[in-house]
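Please read the following explanation with the model in view.

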Amino acid sequence: MSRNVTWDRGVSLPEHAIWFDPEVSRALAVVTHAHTDHARRHHETYLTAETLALTATTRKPKQARVVAFGAAQPVGHGELTLLPAGHMLGAAQALFDAGGARLLYTGDLKLRGPRAVELPKAQVLVIESTYGRPHFLFPDHSSVVESIAIWCKRAFAEGATPVLLCHAVGKAQEVMLALAQYGFKFALEHRCLPATSAYQELGETLPDYKELTPGEDYTERVVIAPPAGKTVIRKLHRYRTALVSGWAQDRHFRMLFGADTAFPLSDHCDFLELLDVVEAVAPEQVYTVHGFTEDLARNLRKRGIRASALKGVEQLALAFV
Ligand SMILES: [Zn+2]
């Protein structure tokens with residue numbers, strides 16, 4: 001395989017006419033997971049059954065090629081295999097092998113937490129760099145979950161409703177699963193409901209929940225809602241809010257959402273885990289995509305690894321046109 005990887009509004013292998021998580025509709029694409037910054041409506045799409053179920057109706061592919069983890073598929077002049085990425089239910093990495101030359105595209109990746117992740121060796125690694133700056137270091141997963149549980153119990157004891165602010169798709173459900181061991185019941189803002197039903201239909205056992213009704217008070221249920229647009233939350237009598245996100249490590253971002261507190265429970269790798277991924281995959285060339293691409297690439301180069309931001313390459317190419 002030639003090492004011809006480009007950024008063409010998505011990671012692209014031009015010789016194989018395939019895109020990974022492209023931002024615009026393409027003939028043939030891999031969609032790694034159901035988040036809206038990754039899922040678009042392409043003509044033909046390789047994805048997991050879970051991702052298909054969790055994808056919003058308007059973004060579902062015209063022709064879905066549902067692939068199980070680990071099953072190699074002939075695509076272009078090579079083979080495509082989806083591997084677990086740990087980011088949310090059904091989230092995949094894409095391994096493309098053309099005659100032994102291998103490229104791994106991580107999509108969004110989470111190493112810590114309950115979902116197992118497999119990191120194969122590959123000559124070319126295209127890695128997400130959402131938290132690609134060294135100050136993003138997340139504490140142990142179970143101790144953060146415990147801190148959230150203690151905070152919720154304290155809110156109840158003070159006669160307030162604990163409100164956890166997190167992404168409606170994937171994150172809300174993963175937080176419910178993580179907190180299930182503490183016996184909480186939940187009230188979900190309406191935007192969290194479709195993915196929650198999909199998780200249940202896909203066989204995940206979630207704790208008791210009901211839809212958050214505006215104006216009703218919750219003295220025994222933890223409320224979960226997306227961070228933006230808290231209209232229904234403001235109708236609660238007494239409440240405390242906590243942002244549940246890796247961005248908790250960033251003071252400015254935390255202030256942006258006006259939460260009372262924040263917990264760094266992330267569905268991505270922190271900075272050191274990104275370095276661990278690079279070490280495990282042992283690539284000859286790394287490309288960074290999403291988030292702090294330049295920062296991560298620069299840090300890898302300092303460690304003697306060939307790395308560049310894939311978007312940066314495109315911008316450089318355009319500068320010569
Ligand atoms: Zn994502």
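H141 lies in helix α2, in what is a predicted model. Is this residue, H141, buried or exposed? Its relative accessible area is 15%, and because buried means under 20%, H141 is counted as buried. The side chain of H141 makes a polar contact with the side chain of K110, at 3.3 Å. When residues up to four places away in sequence are set aside, H141 touches K110, R112, G113, P114 and L265.

The largest nonpolar core contains 55 residues. Which members touch the most other members of this core? They are I148, L164, L179 and I224.

I224 may be examined in more detail. Apart from its neighbours within four places in sequence, I224 is in contact with L164, C166, A172, V175, M176, F186, A187, L188, E189 and C192. There is also a second, separate core; it has 24 residues, among them L13, I18, Y46 and Y105.

Several contacts of I224, including A172, V175 and M176, are also buried residues of helix α3. How many residues of helix α3 (residues 171-179) are buried? The count is 8 of 9, and the helix is thus mostly covered. The buried residues in α3 are K171, A172, Q173, E174, V175, M176, A178 and L179.

The division of the protein can now be considered as a whole. It consists of domain 1 (6-135 + 268-319) and domain 2 (141-263). The centres of the two domains, taken over C-alpha atoms, are separated by 29 Å. The contact between them takes 15 residues from domain 1 and 16 residues from domain 2.

Distant parts of the chain are linked by the pair H35 and H87, which are 52 residues apart. H35 belongs to the loop between β4 (28-30) and β5 (44-47), whereas H87 belongs to the loop between β8 (78-84) and β9 (92-98). Both H35 and H87 are buried.

Strand β8 contains T81, and T81 is buried, with a relative accessible area of 12%. Leaving out residues up to four places away in sequence, T81 touches G70, A71, A72, Q93, A94 and L95. The C-alpha atoms of T81 and Y46 are separated by 9.7 Å, although these two residues are 35 residues apart along the chain. Strand β5 contains E44, which counts as buried at 17% relative accessibility. Beyond its neighbours within four places in sequence, E44 is in contact with R26, A27, L28, A29, Q63 and R65.

Two alanines in loops complete the account. A17 is found in the loop between β2 (11-13) and β3 (18-20), and its phi is near 50°, a positive value in a residue other than glycine. A282 is found in the loop between α7 (271-281) and β18 (285-291), and A282 likewise has a positive phi of about 50° although it is not a glycine. How accessible are A17 and A282? A17 has a relative accessible area of 44% and is partly exposed; A282, with 46%, is also partly exposed.

Key. Residues are numbered from 1 along each chain as its sequence is written. This is a predicted model: local features need pLDDT of at least 70, side-chain atom pairs count only at pLDDT 80 or more; totals for chains, interfaces and linings use all residues. Side-chain values use heavy atoms; hydrogens and water are left out. A nonpolar core is a set of buried Ala, Val, Leu, Ile, Met, Phe, Trp, Tyr and Cys residues joined through side-chain atoms within 4.5 Å. Buried means under 20% relative accessible area, exposed over 50%, partly exposed in between (1.4 Å probe, protein chains only). Contact means heavy atoms within 4.5 Å. Helices (H or I, at least four residues) and strands (E, at least two) are DSSP runs, numbered from the N terminus. A polar contact is a pair of N or O atoms within 3.5 Å; within protein, one must be able to donate a hydrogen and the other to accept it, and residues adjacent in sequence count only if both atoms are side-chain atoms. Domain bounds come from an automatic or database domain assignment.
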